[in-house]
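Visitor: I would like to learn how to read domains and helix packing in a model such as this one. Could you take me through it step by step?

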Amino acid sequence: MTTTPINPPKVATQEEIAARVKALEAIMIEKGIMTPAAVDRLAEIYENEVGPQLGASVVAKAWVDPEYRARLLEDATSACAELGIGGLQGEDMVVVENTDGVHNVITCTLCSCYPWPVLGLPPNWYKGPQYRARIVREPRKVLREDFGLDIPDSVEIRVWDSSSEMRYWVLPRRPAGTEDLDEKALAALVTRDSMIGTGIPRSP
Amino acid sequence: MNGVHDLGGTDGLGPVPVEENEPVWHAEWEKAAFGMFSMPFRAGFFGVDQFRYGIEQMHPAIYLLSPYYEHWAHAAEHYGVEKGVLDPAEIEERTRFYLENPDAPLPERSDPDLMGFVDAAVKHGAPARRESTAEPKFAVGDRVTVVDTSPRGHTRKARYVRGKTGVIEMAHGTFIYPDSAGNGEGDDPQHVYTVKFTNSELWGAEAAEPNGVVYFDVWEPYIVPASERGAAA
């Protein structure tokens, strides 16, 4: 018995997608909706200005300043605004703290929600089907097998599925042996993945 | 809608494709596609919830296989055509042109207001919080069950939490309701809560990983008191 695919879909090539996007852009330029300069400016912002270095500066400050840490955990949006950080896709942020007994990890199973003002734009794997499907069902396995992060069973894993406009991100644990480092040196240890929860900060 | 975008708990998709030192942009066209959220948003094509619904209406196989930012271009095209601003025949014609002439220039236009909008949008965002006089029906600590229905149109009530019982951990105030706004029916602000579900509640004791929970945000109409579970069944 053979089966016939129903309306077999055609996946576009990169060249076809590029042509269609350029066609849409051209029409929307003529309609007064877009400009090439605005496209370039927006792309430049997320390439060079808004990225995980901003979240890292928040984390480092929280590590050295207990009062700031308390404010960050109480109201992340305001605490980030103190440092001039906030805006699009981070209008309402919540920071969740890793401890000896708790490891947090963020996802968006329904689309690709992510705290842009502190982490920049998400990596492709965060937006792709594999991570979104599995991180809520088998986070311990995904962290171990796909990210090389072994979380012992004694540590609770908390997965935050960003289904609303609240934007969650992780305050990772400060690495051991960093007592003598200043805020700037500490920030250099904070990786994007450590604020997603798929990694931990670098050791000095 | 019960769409393929609703991926939580789906099995068989394989390992997470992690790319070391991934660039922000993988191709030039991605920059233009990325601009197709904020700029058509400014032009009144959609709100963020409608934008997501536009993506959800892609063919499920294409949704899974296509590069991410193609989804954004798809949503802009979907609503641009629906609004009568974009003409499907013209899109096809222009696409053929750029396929044959990939280096042909774009039309020229400058727009200082749009440049100002881009910087302001990044800096200030587009808050989804909305005032409402409605009193919250639930409080932190309440045990609640997610209503197990399959609405047509846009919803954020993921399938893997439907019918599941958890505890409210946070109450966030009132926000645009996606099940209304995403379907073009206005903001209809509703209270939003974060509900904590145990792994065993979501997946059953045998399949669940040990010592873990999932937090999922719900709008008030998604939940009922846990005691009503039996009555609803």
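Predicted model: local features only at pLDDT ≥ 70, side-chain atom pairs only at ≥ 80, totals over all residues.

Visitor: Which domains does the assignment give for chain A, and how far apart are their centres?

Guide: A domain is read as a range of residues, and in chain A the assignment gives domain 1 as 14-47 and domain 2 as 51-196, with 31 Å between their centres when these are taken over C-alpha atoms.

Visitor: How is chain B divided, and how many residues of its two domains are in contact?

Guide: Chain B is divided into domain 1, residues 28-124, and domain 2, residues 143-232, and their C-alpha centres lie 31 Å apart. Across the boundary, 6 residues of domain 1 of chain B touch 6 residues of domain 2 of chain B, and on the domain 1 side these are 1 nonpolar, 2 polar and 3 charged.

Visitor: At what angle do helix α2 of chain A and helix α1 of chain B pack?

Guide: A helix pair is read from its axes: α2 (residues 36-49) of chain A and α1 (residues 28-42) of chain B pack at about 100°, with the axes 9 Å apart. Because angles of 65 to 115 degrees count as roughly perpendicular, α2(A) and α1(B) are described in that way. The contact involves residues of α2(A), including Val39(A) and Leu42(A), and residues of α1(B), among them Phe34(B) and Met39(B).

Technical notes
Residues numbered from 1 in each chain as written. Chains lettered and ligands numbered in written order. Domains from an automatic or database assignment. Axes fitted to C-alpha atoms, helices over the stretch in contact; angles between N-to-C directions. Helix = DSSP H or I, 4+ residues; strand = E, 2+ residues; numbered from the N terminus. Parallel < 35°, antiparallel > 145°, perpendicular 65-115°, else oblique. Contact = placed C-beta atoms within 7 Å. Nonpolar A, V, L, I, M, F, W, Y, C, P; charged D, E, K, R; others polar.
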